Amino acid sequence: MSLTISRTIVDQILQQSRTEYPDEACGVILGPQGSGTPLRLKPMINAAHSPTFYEFDPKDLLALYREVDDKDEEIVVIYHSHTETEAYPSRTDIAYAGEPGAHYVLVSTREEIAPATEFRSYRIIDGMVTEEPVTILD
Amino acid sequence: MTTAAIEVRIPTILRPYTKDAKVVSADGADLKSLISDLDRQYPGLAERLLEDGALRRFINIYVNDEDVRFLGGLDASLKSGDSITVLPAVAGG
């Protein structure tokens, strides 16, 4: 298990997280169905507009799944930012993780690590968190 | 009460209950009875959709393209040909 992802997408996610600070930023990366390859970044609105919580708007969520189906894509990565804590899944992240096939990516905008890159990936299945290596392609 | 043949799209995380079927068929004049019928066919499924008799906060159910919370929740009336989509919320802290 590992995640390979382009530098461009990583940078865009980090930029989005800084822009949306102090709220958590969130989104998905899509790829061709069955490929497991994250190619198309799709930032989503954090309907919770909160520094400690994120949630896709239910209407946006349905539109996302329709789009993914129509384009024969899959959700490869689900990402969000933590604003003041490390990039590790919180208890609520684990409780609500509903996509066993996705990589859950966490980034952090906490000041003590900025501008260093804290970009980490996990599988979250049945309440079990497994961190996996991330390879960033320049 | 008429029964309805209603298509229900099941998300990946709940497919262990439906033997991996992505789309199943169920009957019900409203969402509550549809969920009962689903649970009769796929035991355990209702428990994943309901909590203390109400829809779970972090499960979204849509009738056609509308969030069922805006259609009366469990009382939302259904008719033959409707399409139900179940999606777990994407949320966390």
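**A helix, a core and an interface**

In chain B, helix α1 spans residues 31–41, and L31(B), L34(B), I35(B) and L38(B) in this helix are buried. These four residues lie on the same side of α1(B), because they cover an arc of only 100° around the axis. Among the strands are β1 (6–9), β2 (23–26), β3 (50–51), β5 (59–63) and β7 (83–88). Helix α2 (45–49) of chain B also takes part in the cover. All of this is read from a predicted model.

One of these helix residues leads on to the core. L34(B) is among the residues with the most contacts inside the largest nonpolar core, which has 48 residues. I84(B) is also on that list, and chain A supplies V28(A), V77(A), I78(A), Y104(A) and V107(A). Strand β5 of chain A, residues 73–82, gives the most to this core, with five residues. In soluble globular proteins, nonpolar side chains tend to be buried together.

Take Y104(A) as a way into the chain A part. Leaving aside residues up to four places away in sequence, Y104(A) touches I78(A), P89(A), A97(A), Y122(A) and I124(A). Of its contacts with a separation of 6 or more, 63% join residues 24 or more positions apart.

Now step back to chain A as a whole. Chain A has three helices and nine strands. From the N terminus, their order is β-α-β-β-β-α-β-α-β-β-β-β. The C-alpha atoms fill a box of roughly 40 × 35 × 30 Å along the principal axes. How does the radius of gyration of chain A agree with that of a compact globule? For 138 residues, such a globule would have a radius near 14 Å, and chain A has 14 Å, so the two agree. Buried residues make up 35% of the 138 residues in chain A.

The last stop is the interface. Here 20 residues of chain A are in contact with 16 residues of chain B. On the chain A side, the elements that give two or more residues are β4 (54–55), α2 (58–70), β5 and α3 (91–96). The largest share comes from α2(A), with five residues. By class, this side of chain A has 10 nonpolar, six polar and four charged residues.

Strand pairing also links the chains. β4(A) pairs with strand β8 of chain B, residues 91–92, in the antiparallel sense over two bridges. Which residue of β8(B) is the bridge partner of E55(A)? The partner is A91(B).

Key:
Residues are numbered from 1 along each chain as its sequence is written. Chains are lettered from A and ligands numbered from 1 in the order in which they are written. This is a predicted model: local features need pLDDT of at least 70, side-chain atom pairs count only at pLDDT 80 or more; totals for chains, interfaces and linings use all residues. The radius of gyration is taken over C-alpha atoms; the globule rule is 2.2 Å times the number of residues to the power 0.38. A residue is buried if 20 or more other C-beta atoms lie within 10 Å of its own, exposed if 12 or fewer, and partly exposed in between; C-beta atoms are placed from the backbone. Two residues are in contact if their C-beta atoms, placed from the backbone, lie within 7 Å. The arc is that of the directions from the helix axis to the C-beta atoms. A nonpolar core is a set of buried Ala, Val, Leu, Ile, Met, Phe, Trp, Tyr and Cys residues joined through C-beta atoms within 7 Å. Ala, Val, Leu, Ile, Met, Phe, Trp, Tyr, Cys and Pro count as nonpolar, Asp, Glu, Lys and Arg as charged, and the others, Gly among them, as polar. Two strands pair if DSSP finds at least two bridges between them.
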